[in-house]
Structure formats: C-alpha cells, structure tokens
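Please look at the sequence and the three-dimensional structure shown here.

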Amino acid sequence: MNNFILIFFFLALGLVLQHIKQFPTHIYKVLNKIVIYICLPAITLYHIPKIKWSNELLFPIASGWISFLLAFVFFHFLGKRKGWSNKLIGCLILTAGLSNSSFLGYPIIEALFGKKGLETAILVDQPGTFVVVSTLGVFVAAFYSKGSPDAFSIFKKIIFFPPFITFVVACLMNVFQYDLDLNLQTVLLKIGSLVTPLALLSVGLQLTFDRKSQHWRFLRLGLFFRLIVTPSIILVLYVFVFNQHSEAIKITIMEMAMAPMITGAILASTYGLKPKLSSMMIGFGIPISFVTLAIWYFVVSFI
C-alpha cells in the first residue's frame, strides 16, 4: 500500500510544482540523469549477484525481450506506413514495449502471490526488462532520436551506458559467486530506492492534460498495446503453444500486464522522444493498469 501512495504522491507533487513560478521545472532533466546514471546501477549491483540460475527461469526472463521486440516490430512498421515521425515511433516502442516490472510489479506480485512470487518477479525485471532497456532500449533511443546514426555510434552508447556496464559487472559477480559487503549492499539498496520518487517526480513535472493535444490517440494505442495486447500474446505463447501452467507463468503474464516502465519513459524523455507523450503513458498508464490488472488476475487464475 505504501508503494501505491508514493506513486500518486510524487506524481501529484510534480504536477503542483509545475504551477510554482519560482520552481525550475526543467530540473526534471537532472532527475532523469540521477535515475539512469546512479540509482539504476545501484539496483543492478544489489540484485543480480543473488540470482540462482536454471532452465526454468528462461520463460520469465524471455518475456521482457519478447514484449520489447513485439513493440518494435508493431510500431516501427505501423509508424512507417502511417508516416509518423521517428521520435513518435521511438517513444511508443520504449513506453509500450517495456513493463513496470519492478516498482509496480514487486508489491503487486507480493500481494497476490506472496514472498515466493518475488523470485519470479525479479527474474522478469532484472535479466529481463531491465537489461532490455539498458541495451535494446538505448539502441532504440539513439536510433530514433538521430534518424540513422552509424552502428559504431549506437554500439558505443550501449557499452558505455552505466546501467549496462554495471549489469556486466554484476553478472560476473554472479558467475564467480561473489557479493559485496553487507554495509555496501545496504547503501546500494538505499540509493536504488530513490528510483521511484525521483522518476515519478520527473514524470509529474512533465505531465500535461491538454485536451487538444495530438497525443491522445497515440496514448490510447500505446496503452492498449501495453496493457492488453502484450500480456495476451505472452499468454497464448506460453500457455497454449509451450503448454506451461506453473505459478511462475502466471506471475510472468501479470508482470507483462503492468503499466509502462518508468525507466523507459525517462530514457525516451532524455533523448527527446516526445517527452510529453512518454509522461502521459506513465501518468495515465499507472492508474488504468490497476483496473486491467484485476482482470488479468482473474484470467490467470484459470491457467
């Protein structure tokens, strides 16, 4: 419950601060960089070394990758056919292709499936959606913000992206079964806990409710893809094609039905990919997802 209160508190705080003339609303750019370059690496170094690997984990891990690739194919080809700008296409891929598998996902999964369910949720999030945003997400952001940058330029952005660097380091720590000192882990956990308030405050500072905005139809399409289409495809693929019926599969489907990933929206905003639309995807997607998640929980109960 505390997590849900935080969501609406920091979104509302950002909205309020927009109307205070003395407050520098452009500070959201600084907040974005703190989230991406400091907080996210801290989360990675804390969680990844603790993961225990097995073949059964492939389904939860793969879901985030499948989700993003589906969004890439759908919005790229639809956007090119409709004559959309590259920035619009990139924004929709980053926001509709990534689920909020951590901040929303963790407390919701724990509430519905207990502490044991968090193990699957972390797998969906850390080696799944989080690595996707650190690699393919950076590629999409760089590609659609510039139009057609050279491959070397994109590759350089990925390998020097701090969350990706820390992911590689964390994976090596996992392989060699090494973890950091407990005191340092505590510090990392505290730094990582700043992701949510800072990211949501940034979203609130950029969120607008202009009825005449041209973004409304793209918002509807993006949220429909994120909240309905993606979990439906994962359901069909995992349950009916691969004949998987475990609780981990139920949790995976629920994770794919979460609202858009805050980090994806922050990345889109940082690269200038329709910041207002990316903020709307978060601002409207989170409350709407509470309704759709209730429906999905009813659906997965029959698996």
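The structure is a predicted model. Over the chain, pLDDT averages 88, and 97% of the residues score at least 70. Among the elements of the chain, the lowest mean pLDDT, 77, belongs to helix 8 (residues 151–159), and the highest, 97, belongs to helix 12 (residues 216–241).

Helix 4 (residues 86–96) is mostly covered, with nine of its 11 residues buried. These buried residues are Leu88, Ile89, Gly90, Cys91, Leu92, Ile93, Leu94, Thr95 and Ala96. Which helices cover the buried residues of helix 4? The cover includes helix 3 (58–82), helix 7 (136–146), helix 12, helix 14 and helix 15. Helix 7 has buried residues of its own, namely Gly137, Val138, Val140, Ala141, Ala142, Tyr144 and Ser145. For helix 7, the cover of the buried residues includes helix 3, helix 4, helix 6, helix 8 and helix 14.

Thr129 is part of helix 6 (residues 117–134). Its relative accessibility is 1%, so Thr129 counts as buried. Leaving out residues up to four places away in sequence, Thr129 touches Gly64, Leu98, Ser99, Ser101, Val124, Met256 and Met261.

Ser202 belongs to helix 11 (residues 195–206). Why is Ser202 described as buried? Its relative accessible area is 0%, and buried means under 20%. Not counting residues up to four places away in sequence, Ser202 touches Tyr28, Leu31, Asn32 and Ile266.

Leu11 is located in helix 1 (residues 2–18). With 7% relative accessibility, Leu11 counts as buried. Neighbours within four places in sequence aside, Leu11 is in contact with Leu200, Val203 and Gly204. Leu11 and Gly83 are 72 residues apart along the chain, and their C-alpha atoms are separated by 33 Å.

The next topic is the pairing of charged side chains. Side chains of opposite charge can pair when their charged atoms come close. How many salt bridges are counted in this model? The count comes to one salt bridge, in which the side chains of Lys50 and Asp179 meet at 3.1 Å, N to O. Lys50 lies in the loop between helix 2 (28–47) and helix 3, whereas Asp179 lies in the loop between helix 9 and helix 10, so the pair ties together parts that are 129 residues apart in sequence. Lys50 is partly exposed, with a relative accessible area of 33%. Asp179 likewise counts as partly exposed, at 28% relative accessibility.

On the surface, Val168, Leu172, Val175, Phe176 and Tyr178 form a nonpolar patch, and together they have about 540 Å² of accessible area. One of these residues, Val175, lies in helix 9 (residues 162–175). Val175 counts as exposed because its relative accessibility is 59%.

Gln177 lies in the loop between helix 9 and helix 10 (182–192). Is Gln177 buried or exposed? Gln177 is exposed, with a relative accessible area of 75%. Its phi is near 50°, a positive value in a residue other than glycine. Lys274 is placed in the loop between helix 14 (262–270) and helix 15 (275–300). Phi of Lys274 is near 45°, which is also a positive value in a residue other than glycine. Lys274 is partly exposed, and its relative accessible area is 24%.

Definitions and conventions. Residues are numbered from 1 along each chain as its sequence is written. This is a predicted model: local features need pLDDT of at least 70, side-chain atom pairs count only at pLDDT 80 or more; totals for chains, interfaces and linings use all residues. Side-chain values use heavy atoms; hydrogens and water are left out. Patches are made of residues with over 30% relative accessible area and no salt bridge: like charges are joined within 9 Å, nonpolar side chains (Val, Leu, Ile, Met, Phe, Trp, Tyr) within 5 Å. Accessible areas come from the Shrake-Rupley method with a 1.4 Å probe; for residues, only the protein chains shown count as cover. A salt bridge is a side-chain nitrogen of Lys or Arg within 4 Å of a carboxyl oxygen of Asp or Glu. Helices (H or I, at least four residues) and strands (E, at least two) are DSSP runs, numbered from the N terminus. Buried means under 20% relative accessible area, exposed over 50%, partly exposed in between (1.4 Å probe, protein chains only). pLDDT is the predictor's confidence in each residue, from 0 to 100. Contact means heavy atoms within 4.5 Å.
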